[in-house]
Amino acid sequence: MADCKQVGVEVYRISDLEPMKSNFGLKDQFRRATMSMSDNVAEGFEYNNNPDFIRFLTYAKGSSGEFRIK
């Protein structure tokens, strides 16, 4: 869980730097995608069965794509 927390901390740090700092829509989307990613991992884990966990990991992967830099 420490890794997920570190990702969140880094995303908030990066999004407080220019040019993202003044682009409120991009900053908000960047932060929400990050939180969605960790929320989906946690929710899938709580179902306590592999098919549901895999489904929520797929959702988390989709959220990670929203802030991937190419």
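Biologist: What does Arg-31 touch, not counting residues up to four places away in sequence?

Modeller: Arg-31 touches Val-11, Tyr-12, Ser-15 and Asp-16. Contact means heavy atoms within 4.5 Å. This is a predicted model: local features need pLDDT of at least 70, side-chain atom pairs count only at pLDDT 80 or more, and totals for chains, interfaces and linings use all residues. Residues are numbered from 1 along each chain as its sequence is written, and side-chain values use heavy atoms, with hydrogens and water left out.

Biologist: Which side chain makes a polar contact with that of Arg-31?

Modeller: That of Ser-15, at 2.8 Å. A polar contact is a pair of N or O atoms within 3.5 Å; within protein, one must be able to donate a hydrogen and the other to accept it, and residues adjacent in sequence count only if both atoms are side-chain atoms.

Biologist: Why does Arg-31 count as buried?

Modeller: Because its relative accessibility is 17%. Buried means under 20% relative accessible area, exposed over 50%, partly exposed in between (1.4 Å probe, protein chains only).

Biologist: New topic. Which residues form the largest nonpolar core?

Modeller: Seven: Val-11, Met-20, Phe-30, Ala-33, Met-37, Ala-60 and Phe-67. Such a core is a set of buried Ala, Val, Leu, Ile, Met, Phe, Trp, Tyr and Cys residues joined through side-chain atoms within 4.5 Å.

Biologist: And what does Met-20 contact, leaving aside neighbours within four places in sequence?

Modeller: Ser-15, Leu-26, Lys-27 and Phe-30 are in contact with Met-20.

Biologist: Where is Arg-31 found?

Modeller: In helix α2, residues 24-46. Helices (H or I, at least four residues) and strands (E, at least two) are DSSP runs, numbered from the N terminus.
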